[in-house]
Amino acid sequence: MGWLGNAYPWVKAAHVTFVIFWVAGLFLLPRFYVYHHATAPGSAEDRAWIERERRTRSIILTPALVIVWVLGLALAVHLGAWTMGWFHAKLLFVILLSGYQGWLGAYGRKLGRGDRPLENRTLRIMNEVPGIMTAIIVVLVIVKPF
């Protein structure tokens, strides 16, 4: 038994729950950006989207990200996962998703300033990133291919 003892299944359940919250936010925010992109900078609708996006980042994404990392690292220590190949690959994709969230925050600040640097089509494609990465992570965790 690892250092979490009988708390292990509870920590694992909490980790999975907060991963769901996090990924839901990662699906939601880029979709918001697609809709926001079409608004006129400075309009009432623009300001409403800025507030929705801010709340999504501060109420859902950031807390979920922190909890996912804390619980995930606790589980990794418990399992001794640091020597497992599948875990290294999973960790890489979690780092990439965390970076994607950082990029989303930076892009939201640009939208808030009235900048629209990306095409609408590019934003729609970016909306697929969390789904693809999440699928890869799930396969790595469940199948443990290496």
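Throughout these legends, a residue is buried under 20% relative accessible area, exposed over 50%, and partly exposed in between, using a 1.4 Å probe and protein chains only. The model is predicted: local features need pLDDT of at least 70, side-chain atom pairs count only at pLDDT 80 or more, and totals for chains, interfaces and linings use all residues. Residues are numbered from 1 along each chain as its sequence is written, and side-chain values use heavy atoms, with hydrogens and water left out.

View A. The C-alpha trace spans about 60 × 25 × 15 Å along its principal axes. The chain has 146 residues, and 38% of them count as buried. Take the contacts (heavy atoms within 4.5 Å) between residues at least 6 apart in sequence: 80% of them join residues at least 24 apart. The chain exposes about 8,200 Å², with 70% supplied by carbon and sulfur atoms. Accessible areas follow the Shrake-Rupley method with a 1.4 Å probe; for residues, only the protein chains shown count as cover.

**View B. The largest nonpolar core holds 23 residues.** Such a core is a set of buried Ala, Val, Leu, Ile, Met, Phe, Trp, Tyr and Cys residues joined through side-chain atoms within 4.5 Å. The residues with the most contacts inside this one are Trp22, Leu26, Leu29, Tyr33, Leu97 and Leu104. Two or more residues each come from helix 1 (8–37), helix 2 (44–79), helix 3 (85–112) and helix 5 (129–143). Helix 3 gives the most, with 8 residues.

**View C. Trp22 is shown with the residues that it touches.** Leaving out residues up to four places away in sequence, these are Leu61, Ala64, Leu65, Val68, Val94, Leu97, Ser98 and Gln101. Trp22 and Leu97 are also among the core residues with the most contacts.

**View D. Helix 2 carries a kink of about 35°.** The kink is centred on Arg57. The bend at a residue is the angle between axes fitted to the seven residues ending there and the seven starting there. Helix 2 has 36 residues and reaches 51 Å from its first C-alpha to its last. That is close to the 52 Å expected at 1.5 Å a residue; the expected span is 1.5 Å times one less than the number of residues. Just after helix 2, Gly80 takes a positive phi of about 65°.

**View E. Gly72 is a buried glycine within helix 2.** Gly72 counts as buried because its relative accessible area is 18%. Gly72 touches His15 and Ile67, not counting residues up to four places away in sequence. Ser98 lies 26 residues away along the chain, and its C-alpha atom is 13 Å from that of Gly72.

**View F. Asp46 and Arg116 form a salt bridge between distant parts of the chain.** Side chains of opposite charge can pair when their charged atoms come close. A salt bridge here is a side-chain nitrogen of Lys or Arg within 4 Å of a carboxyl oxygen of Asp or Glu. The structure holds 4 of them. In this pair the closest N and O atoms are 3.3 Å apart. Asp46 lies in helix 2, whereas Arg116 lies in the loop between helix 3 and helix 4 (120–126), 70 residues away. Asp46 is buried, at 3% relative accessibility. Arg116 is partly exposed, at 21%.

**View G. Glu51, Arg54 and Arg55 are linked in a network of salt bridges.** Glu51 pairs with Arg55, with the closest N and O atoms 3.0 Å apart. Both lie in helix 2, 4 residues apart, about one turn of the helix. Glu51 is partly exposed, at 29% relative accessibility. Arg55 is also partly exposed, with a relative accessible area of 46%.

**View H. Arg113 forms a salt bridge with Asp115.** The closest N and O atoms are 3.5 Å apart. Arg113 counts as exposed because its relative accessible area is 57%. Asp115 is partly exposed, at 36%.

**View I. Lys144 has a positive phi of about 50° although it is not a glycine.** Lys144 sits in the segment after helix 5. At 41% relative accessibility, Lys144 is partly exposed.
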